[in-house]
Amino acid sequence: SSLLPSLVSFREDARRGPNALACIIAIRNFSELSSLFGYALAEDILKLTADRLERAARALGGKAYRLHGRDFGFLAPCPRAKPDAKARQALCDDLLARLGGPMSWQGKDIELTYAIGYTELSGGDAEKALSEADSALKRLLPGSAGTSGFEPDDQARSVAEAAIASLITLS
């Protein structure tokens, strides 16, 4: 199984590297599966995901990372000299397809659900890229699979949603 570089490495590579595609990959049904089948399955899911992501990263010319919990990261050179939204989306769709497929565990085929939030990393600002990719990821429906690219109004929406949630909590 793979021992992927950490969030610290992600930040260092982002600072050193050229403009890149930055992704956060979440295992959307991880909590449900680990609740149903326990710790042993949870560990196997994380190992399988790390292995699949590492293979996909090599094939796509990028690098895989273990960020925290059930979240993984991916950095790849931006497609084309002048990247566009379609090229970034295509790369993320390819990454998602390479992660897919059931996991065989104790005679059962278990389907894993992955979601990818992505953005363009520019100027080596890893924190901004992680925040933007996380905002894009949150735009997908809870539990759903798929890819979602960052849009500038995502962060304004996230701030507004957080403010509303805190107001509701106070009332």
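Is Trp105 buried or exposed in this structure? With a relative accessibility of 9%, Trp105 counts as buried, where buried means under 20% relative accessible area, exposed means over 50% and partly exposed lies in between (1.4 Å probe, protein chains only). The structure is a predicted model, in which local features need pLDDT of at least 70 and side-chain atom pairs count only at pLDDT 80 or more, while totals for chains, interfaces and linings use all residues. Residues are numbered from 1 along each chain as its sequence is written, and side-chain values use heavy atoms, with hydrogens and water left out.

The protein contains six helices and seven strands; these are DSSP runs numbered from the N terminus, with helices (H or I) of at least four residues and strands (E) of at least two. Along the sequence the order of elements is α-β-α-α-β-β-α-β-β-β-α-β-α. Of the 171 residues in the protein, 43% are buried. Among contacts (heavy atoms within 4.5 Å) with a separation of 6 or more, 68% join residues 24 or more positions apart.

A nonpolar core is a set of buried Ala, Val, Leu, Ile, Met, Phe, Trp, Tyr and Cys residues joined through side-chain atoms within 4.5 Å. The largest such core has 31 residues, and those with the most contacts inside it are Cys23, Ile25, Ile45, Leu53, Phe72, Phe74 and Leu95. Two or more residues each are given to this core by strand E1 (20–27), H2, H3, strand E3 (71–77), helix H4 (85–99), strand E4 (103–105) and strand E6 (114–121). H3 supplies the largest share, nine residues. Leaving aside residues up to four places away in sequence, Leu95 touches Ile25, Leu53, Ala56, Leu60, Phe74 and Ile116. A second, separate core has 18 residues, including Ile24, Leu67, Ala129 and Ala133.

Two packed helices are described by the angle between their axes and the distance between the axes. Here axes are lines fitted to C-alpha atoms, for helices over the stretch in contact, and angles run from 0 to 180 degrees between N-to-C directions. The axes of helix H2 (residues 30–37) and helix H3 (residues 39–60) come within 7 Å and cross at roughly 140°. Phe30, Leu33, Ser34 and Phe37 of H2 make this contact with Tyr39, Leu41, Ala42, Ile45 and Leu46 of H3. By class, eight of the residues are nonpolar, one is polar and none is charged; Ala, Val, Leu, Ile, Met, Phe, Trp, Tyr, Cys and Pro count as nonpolar, Asp, Glu, Lys and Arg as charged, and the others, Gly among them, as polar. For H1 and helix H5 (residues 126–139), the axes come within 9 Å and cross at roughly 115°. Leu7, Phe10, Arg11 and Ala14 in H1 meet Ala126, Glu127 and Leu130 in H5, a contact with five nonpolar, no polar and two charged residues.

A search of the whole structure finds two aromatic pairs. Rings of Phe, Tyr and Trp (its six-membered ring) pair if their centres lie within 6.5 Å, and planes under 30 degrees apart count as stacked, over 60 as edge-to-face and the rest as tilted. Phe10 and Tyr65 form an edge-to-face pair, 5.1 Å centre to centre with 80° between the planes. Phe10 lies in helix H1 (residues 7–16) and Tyr65 in strand E2 (residues 63–68), so the pair ties together parts that are 55 residues apart in sequence. Both Phe10 and Tyr65 are buried. Phe37 and Trp105 form an edge-to-face pair, with 5.7 Å centre to centre and 65° between the planes. Because Phe37 lies in helix H2 and Trp105 in strand E4, this pair ties together parts that are 68 residues apart in sequence. Phe37 is partly exposed, with a relative accessible area of 30%.

Leu75 lies in strand E3 and, at 8% relative accessibility, counts as buried. Not counting residues up to four places away in sequence, Leu75 touches Phe10, Asp13, Ala14, Leu21, Ala22, Gly62, Lys63, Tyr65 and Leu121. Gln106, in the loop between E4 and strand E5 (108–110), has a phi near 50°, a positive value in a residue other than glycine. Gln106 is exposed, with a relative accessible area of 62%.
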